[in-house]
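I opened my notebook today to look up a few features of one protein model, and I wanted to write each of them down with care.

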Amino acid sequence: MFWSDWAITLTLFTPLLGAAAIALIPKAQEESAKPVALVVSIIGFALSLGILAGYDFGAAGLQYEVDIPWIDAVGARYHIGIDGISLPLFVLSYLLTFLCSVYAYHHIEEPGKPKAFLALMLLLQTGMAGTFIAFDLILFFIFWELVLVPMYFMIGVWGGPRREYAAVKFFLYTLFGSVFMLVAFLALRFTAGTFDIPELIAFGQANEFGLTFERLAFLGIFLGFAIKVPMWPFHTWLPDAHTEAPTVGSVLLAGILLKMGTYGFVRIAIPILPNGAMDFAPIIAVLSVIAIIYGALCCMAQTDLKRLIAFSSVGHMGFVMLGIATLTPVGINAGIFGMIAHGVITGMLFFVVGSMKERYHTRDIATIGGGALQTMPKMAAILTYVSIASLGLPGLAGFPGEFGALLSAFQPAPGLADAGLLTFYRVLMVLGAVGTVLTAGYFLYMLQRINMGSAPDRWLKAGLADVSVIEWGTWLPLLLMTLLLGIMPFLVWNITTPDVNALLSYFTG
């Protein structure tokens, strides 16, 4: 009984307890923070697998639910639970944190300080995981904001030459969006009388809010979530944050943090404010397609390898948002799959780029000069494999989500089609398909400049080390998942479909 009722609470606060334990380590014994963080992340991941094993995959609705009074003065409750929409993201957050703990055992950028770095990483994990399981708007907002501080310091202290600029830009952009989101949350509370997300969904789908209210509230929530995704034109903080962040920070930022925005649209904005979502869906779809094409064109112009991967996230999250903007079960399922695939693939890309930076001491593509297949054949082969997965090759994890998003745009929700938007969405589908060609173009161009040709003499003489044992241990789970999700996408879709269908019953009738 304890496990079924409090499993998620125990899992959620394990990283927080680990961060507190690391903070108590004497400064003279900083290195002992590494095994502590590793053990804590293993325990957290094992607990998340226990939740996955005990989950009823055939049922829709919340499981492992806890709903108790919390802040009576404002009506906030400690209401957490998990369903098929949040379960894959919840488990992925613990997997990536565990792999980052393994990687950080021997790879922490200057100025070192493993105690502070790993405590921040575990605190960040608590905020990310909590966002996916909170079913009270105040609780959701607290976890949402909790990630700001650790990521700010991870970028600002352990980042690259422009780290202070990138950290402040990340913090201010996200905080700016959060202000509007909080105002919208308060408006929902004063109108519906509750912060509880399931109650607000029932209230909104009974058309109790009124159309004008829904449009204004959706706009406020849209700004908060769109900046986090980030959608074009709110994306400008992302390339700087990714480029300057340490490797672990980039992996968690790409793998989990961006998904908080897309998840927020699926969990909160669309089901609570369905009429506002119907009005904003075409706008979101247009911005998504712009992001797909714009992101690809920006990637072609990059000279910094890590910045290229950062811009690729703009395009990939565009596919996710295009699927969500169709308001169909196919589109939402494709969007959730795209979130998982992007977390696995792009997280892996940032791991590889970080390791290449350690060998070359540069991320400049021209300075690297090609020939990586000569100097580091295993590393180059992994880069090729993950890049091809990212460009959407069938049989690998990048394909099902992108294909599903384009397919859903061919037949959007009945309300959108009845409003005369069917041709509009199909045009966007064609433009999105053009984006897939551009995506293939910039990845193949990058691989040609990094892997192919003869390596410059200085790299041939440098004796560059290939993939280490620690790197293999960190990367193998992601490499295997990239293949597994590509050939068996039902592993995710069987989990998400029941809850997506229930969530979208308002739009599908």
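I began with H3 and H11, whose axes come within 10 Å and cross at roughly 170 degrees. Angles over 145 degrees count as roughly antiparallel, and H3 and H11 are therefore roughly antiparallel to each other. I kept in mind that this is a predicted model.

Next I looked up which residues meet in this pair. From H3 I noted Leu-89, Leu-92, Ser-93, Leu-96, Thr-97, Cys-100, Tyr-103 and Ala-104, and across from these, in H11, I found Thr-247, Val-248, Val-251, Leu-252, Gly-255 and Ile-256. When I sorted the residues of this contact by class, I had 10 nonpolar and 4 polar residues, with no charged ones.

I then turned to a second pair, H12, which covers residues 259-272, and H14, which covers residues 305-325. Their axes lie 10 Å apart, and the helices pack at an angle of about 10 degrees. Angles under 35 degrees count as roughly parallel, so I wrote down that H12 and H14 are roughly parallel to each other. In H12 the residues in contact are Lys-259, Thr-262, Phe-265, Val-266 and Ile-270, while H14 brings Met-317, Val-320, Met-321 and Ile-324. The residues of this contact divide into 7 nonpolar, 1 polar and 1 charged.

My next entry concerns the backbone, where I first reminded myself that most peptide bonds are trans and that most residues other than glycine have a negative phi. Which peptide bonds did I note as cis? One of them runs from Glu-110 to Pro-111, with omega near 10 degrees, and I placed Pro-111 in the loop between H3 and H4. Another runs from Trp-232 to Pro-233, again with omega near 10 degrees, and Pro-233 lies in the loop between H9 and H10. I also looked up Asn-207, whose phi is near 60 degrees, a positive value in a residue other than glycine. Asn-207 sits in the loop between H8 and H9.

Last, I went to the surface. Which residues form the nonpolar patch there? I listed Leu-483, Leu-484, Ile-487, Phe-490 and Leu-491, which together have about 420 Å² of accessible area. Helix H22 (469-487) and helix H23 (490-503) each supply at least two residues of this patch, and the largest share, 3 residues, comes from H22. Ile-487, one of the patch residues, is found in H22.

Methods: Residues are numbered from 1 along each chain as its sequence is written. This is a predicted model: local features need pLDDT of at least 70, side-chain atom pairs count only at pLDDT 80 or more; totals for chains, interfaces and linings use all residues. Side-chain values use heavy atoms; hydrogens and water are left out. Axes are lines fitted to C-alpha atoms, for helices over the stretch in contact, and angles run from 0 to 180 degrees between N-to-C directions. Helices (H or I, at least four residues) and strands (E, at least two) are DSSP runs, numbered from the N terminus. Angles under 35 degrees count as roughly parallel, over 145 as roughly antiparallel, 65 to 115 as roughly perpendicular and the rest as oblique. Contact means heavy atoms within 4.5 Å. Ala, Val, Leu, Ile, Met, Phe, Trp, Tyr, Cys and Pro count as nonpolar, Asp, Glu, Lys and Arg as charged, and the others, Gly among them, as polar. Patches are made of residues with over 30% relative accessible area and no salt bridge: like charges are joined within 9 Å, nonpolar side chains (Val, Leu, Ile, Met, Phe, Trp, Tyr) within 5 Å. Accessible areas come from the Shrake-Rupley method with a 1.4 Å probe; for residues, only the protein chains shown count as cover. A salt bridge is a side-chain nitrogen of Lys or Arg within 4 Å of a carboxyl oxygen of Asp or Glu.
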